[in-house]
Amino acid sequence: MRSFDSLNEKEVLALAISQEEEDARIYDDYAEGFKAEKFAAMRRDEDGHRHRLLDLYKRRFGDHVPLIRRQDVRGFVKRRPVWLSRPLGLKTVQKHVELMEVETKRFYEAAARRATDTGIRQLLGDLAEEERHHAETAEQMASTKVSDEESARQKRLFVLQVIQPGLAGLMDGSVSTLAPLFAAAFATHSSTATFQVGLAAGMGAGISMGFAEALSDDGSLTGRGHPWARGIVCGLMTTVGGIGHTLPYLLRDVTTATWVAVAVVLAELGVISWIRHRFMDTPWASAAIQVVLGGVLVFLVGILIGSS
């Protein structure tokens with residue numbers, strides 16, 4: 001990579017042309033994705049900047065424009081391709097646009113200060129001022145209240161990317177670890193041994209569920225987000241669900257610890273039922289019956305195996 005200070009005027013103009021081309025394509029993608037006239041207008045402005053830069057470049061340096069991109073020069077913010085960022089969230093895009101315009105404005109200001117040619121200096125200064133207006137427009141867009149449709153879309157994405165993997169992990173951790181935990185309690189009558197079994201079961205289930213979720217879907221077609229983000233959410237919630245009813249076995253008396261653990265399990269099942277009702281539109285009665293029935297069956301299996 002080259003430092004910005006090492007670029008001559010010809011290279012600075014070539015970099016500016018490349019940058020305007022890329023920004024115009026980004027705005028075109030945003031305009032297509034949101035059917036928003038503001039993005040289309042900003043795309044036209046970037047095209048106008050590019051034409052003015054090209055006209056000046058041809059007059060000063062000829063027809064050949066070397067390909068110098070922002071990733072070739074130190075100091076620029078790396079911009080993730082739009083097609084890798086889908087599905088797009090309006091608030092995220094608005095913040096991204098604001099960052100783009102502020103960065104471009106600073107680039108033109110720094111380039112204008114270094115320019116010795118009066119024509120180049122004037123054009124770069126004019127473009128810096130126009131990018132400042134763009135930055136103000138982007139800031140206003142970022143502070144705009146999102147529409148009901150966009151709010152509903154963001155809620156759906158939140159459910160897909162956070163609630164679903166988190167709920168799957170919490171259910172698995174809270175229910176699947178019941179059998180080994182209570183089997184150990186009834187078989188050993190030792191709080192220490194039971195705690196060790198519960199801790200191992202909870203952490204092991206968390207690691208397993210985390211990898212299973214991360215490897216199940218890369219999110220490119222389903223819109224469920226980055227696979228490792230989902231895997232981390234799922235793995236953490238699985239561990240939380242498994243360790244929640246394990247902690248009571250830090251108490252010395254195994255009988256007392258077991259009763260406390262049963263109370264914790266009931267609380268966990270209630271939380272799971274509420275989440276299913278709140279975010280998954282599952283009726284209260286249906287959510288409670290499904291979750292509690294599964295928990296009770298696993299609980300009984302643990303007791304029967306531990307007591308045998």
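Modeller: The accessible surface of this protein comes to about 16400 Å², and carbon and sulfur atoms account for 61% of that area. The model is predicted. Its fold has ten helices and zero strands. Buried residues make up 43% of the 308 residues.

Now the charged pairs. Side chains of opposite charge can pair when their charged atoms come close. The structure holds ten salt bridges. One of them joins arginine 52 and glutamate 130, at 2.9 Å from N to O. Arginine 52 is partly exposed, at 32% relative accessibility. Glutamate 130 is partly exposed too, at 27%.

Helix α2 also holds arginine 60, whose partner aspartate 117 lies in the loop between α3 (90-114) and α4; the pair therefore ties together parts 57 residues apart in sequence. Aspartate 117 is partly exposed at 21% relative accessibility. Arginine 60 is partly exposed at 36%.

Helix α3 has a local pair. Glutamate 109 and lysine 105 form a salt bridge, with closest N and O atoms 3.3 Å apart. They are four residues apart in the helix, so about one helical turn separates them. Glutamate 109 is partly exposed, at 30%. Lysine 105 counts as buried because its 16% relative accessibility is under the 20% cut-off.

Finally, a network: salt bridges with shared partners join Asp28, Arg43, Asp47 and Arg50.

Key: Residues numbered from 1 in each chain as written. Predicted model: local features only at pLDDT ≥ 70, side-chain atom pairs only at ≥ 80, totals over all residues. Heavy atoms only, no water. Helix = DSSP H or I, 4+ residues; strand = E, 2+ residues; numbered from the N terminus. Buried < 20%, exposed > 50% of the residue type's maximum accessible area, 1.4 Å probe, protein only. Areas by Shrake-Rupley, 256 points an atom, 1.4 Å probe, with all protein chains shown as cover. Salt bridge = Lys/Arg side-chain N within 4 Å of Asp/Glu carboxyl O.
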